[in-house]
Amino acid sequence: MTNATIQEIEGIDDYWGPAFRSVYEGEGGHEAFLQQLDERIKQHDKEIEKLCNFYYQGFIDSIRELLQVRSHAEELHAEISNVDSNVKETTDSLCSRAEELIRARRVELNIAATIEKMELCLPLLTTYSKLKTQVDAKRYYPALKTLEQLEHVLLPRVGPYKWCSQISADIPRLRQAIQDASMADLRDFLENIRKLSPQVGAMALKQTQDMLGRSLENIVKNKKEMMGGLGKDNIGPQCPHELVDFSPLHRCLHIHSVLGAKNDFIQYYRAQRKQQARLVLIPAVGNLHDSIQGMKSYLSAVLGFFILEEHLLTTGAGLVSKDWLLDTWSMSVSKVASTLRTNTSLITDPTLMLSIKHQIMLFINTLKCYGLPPEPLPPVLQEMAEHYTEVLMQRWVGVFRDILDNAAFLPIEVMDQEQYDGVMDTFPYDGDELETQPFPRKFPFSTVVPAVYVQVKEFIYAWLKYSAGLGLGGGRRAAQARHSASLLLSRSFTGCLSALFRRPLPLMQLVQIIVDTQYLEDATSFLYEFISNITGSELVTTQAAGSMFQAARDDAEQQICNNLEKKVDEFLDLENYDWLLVEPTGQASAFVTDMLSYLSGVLTSLEQLPERARVAAVRAATNRIATRLRNLLMDPAVKQISSGALYQLDLDVIQCEQFAAGEPVPGLKEGELLEHFASLR
């Protein structure tokens, strides 16, 4: 067991734990183990001694060789020291060069890294410089694209450098500057189109006028001129909207689209344009009714504004919507109609009204060409037609007054055929009876009748000038023309006659005026035929016979009655009754006889008047005679009357009653005039 343990210890170099445990745990193991261990040591000592004795001589030889080698080793040491010093010197130089090389390599690497970084930074710096140049050159849309590239592509690629952070911090400021500059460009654009709107509208109106008045010959001529001028560089704008450069507006729209503020930009643009629309609707000239140029400028400005907006409706990328355009136009057209209605109502020149009407018609047609509804402008033209009629009538009032003031109110007398034909050419008179009479011939009417007839025809011509182009049918034009002509005669001319009657006129002039009005009334049918021929409509008679100048005739008849009453008063003022007369003269008083003779003559001269007028005249005269005679009898100044005076008065009354009973004019009821003397009896 002990031998086995020792062998185990000899065979194991590093782990002796189990062997020692068996020694301690074995029975009597310590002493036996130590004994065996001593024996094993002695055995090994003997083997070592044998081995040493065997190799001793070789060891001595080795020592001798070693001593010999010692001298060689010292020499080698000296040489090695020398070589070492040389190598040390050489390596020191080599190390310094190596360090220099390392430093150079490090610099080279730094340079390469710097070049690489600079290659990354150079596009950034170049782009930033380009951005600055574009901003300075006001090329804002390209600048904004460059800014987007700088922010989202180049800056993240470079890295967190201090100057990069400065550029990053500068980007919002540049973006805001671009936005502010684009808004400034927008304001300049809005101001520019506000100034150009009248030119745009004027060009559109001119093109519409050319289109409405063009013929096949003009179309061919314009086409040849256009083909001949294709090679020239001085060809101007062909469309009204080409007068305006919309590029600033589109740039601003693109810029705000990139900035994500497109909707805000559109709202701002619409608000500004609506505000400009309100300014456009206010006439630049205070009084549009003073000249046609002010009206042209106003309509051109309004039209130009909406032509530009209509163009943006198709090209503005949503900048203008159809609903917004129609809403703005609806607001504007009502204001335009109100302005036109207000200013045209103040015009007193019919020529100016014709020009303005033509301009409004051109304005309406141009609106239709651009798809804008013209309502409520056509009713304005109808209102203008009424005012135009009033203006014409006011002008013709002056004409009629001149005719009446210069008229002699005597029947026209012609001395030869030429004068006769001249009258017949100006007035439609049935002159069959006059044809057989020798010269000089006398017409029943005065110069007032043909003069007024000619002026009424001129009035109709002037009125039809306005109605042309209003889209009225021939029937409506004719009806309105007849109505206007009737108003001219029944109101304007009758008003002039009434003014004429305010001053005292001779009886024969009054008679002639009534006769003239009858002929003018009869001539209205010829005027209506004249209107129908011009308008190409069916002949219609709308004025009742005898009613057009009834008011004037009533005034004339009243003045005739007044004149007769005054004449009666003049005769009766000559009376020289002797109220204490003893015996009557046996015949009527001279003043009564003269008065009745005068009345008979006057009533005979009134044969041309209507029966009603003559009856009214004789009634007024008879009533006046009876009243004055009764007043003479009942005069408070007469204190006493003799029977002779009463008999003389009775003779005068009998004479008057004989005059009344003789029915001096037809149309009287039997005994009607005698009733005036009943109270006197």
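**View 1. The lining of the second largest pocket has 10 nonpolar, three polar and one charged residues when its members are sorted by class.** The model shown here and in the views that follow is a predicted one.

**View 2. Helices around the second largest pocket.** Two or more residues of the lining come from each of helix H5 (162-212), helix H8 (262-280) and helix H9 (292-315). Among these contributions, the largest share of the lining belongs to H9, which supplies four residues.

**View 3. The crossing of helix H15 and helix H16.** Helix H15 spans residues 448-467 and helix H16 spans residues 474-500, and their axes come within 10 Å of each other and cross at roughly 140 degrees. Because an angle over 145 degrees would be needed to count as roughly antiparallel, the two helices H15 and H16 are therefore described as oblique to each other. The crossing in which H15 passes H16 is right-handed.

**View 4. Residues in the contact of H15 with H16.** On the H15 side, the residues that take part are Val448, Val452, Val456, Phe459, Ile460, Trp463, Leu464 and Ser467, and on the H16 side they meet Arg477, Gln480, Ala481, Ser484, Ala485, Leu488, Leu489 and Phe493. Sorted by class, the residues of this contact divide into 12 nonpolar, three polar and one charged.

Note on methods. Residues numbered from 1 in each chain as written. Predicted model: local features only at pLDDT ≥ 70, side-chain atom pairs only at ≥ 80, totals over all residues. Heavy atoms only, no water. Nonpolar A, V, L, I, M, F, W, Y, C, P; charged D, E, K, R; others polar. Axes fitted to C-alpha atoms, helices over the stretch in contact; angles between N-to-C directions. Parallel < 35°, antiparallel > 145°, perpendicular 65-115°, else oblique. Left-handed = near helix turned anticlockwise from the far one by under 90°. Contact = heavy atoms within 4.5 Å.
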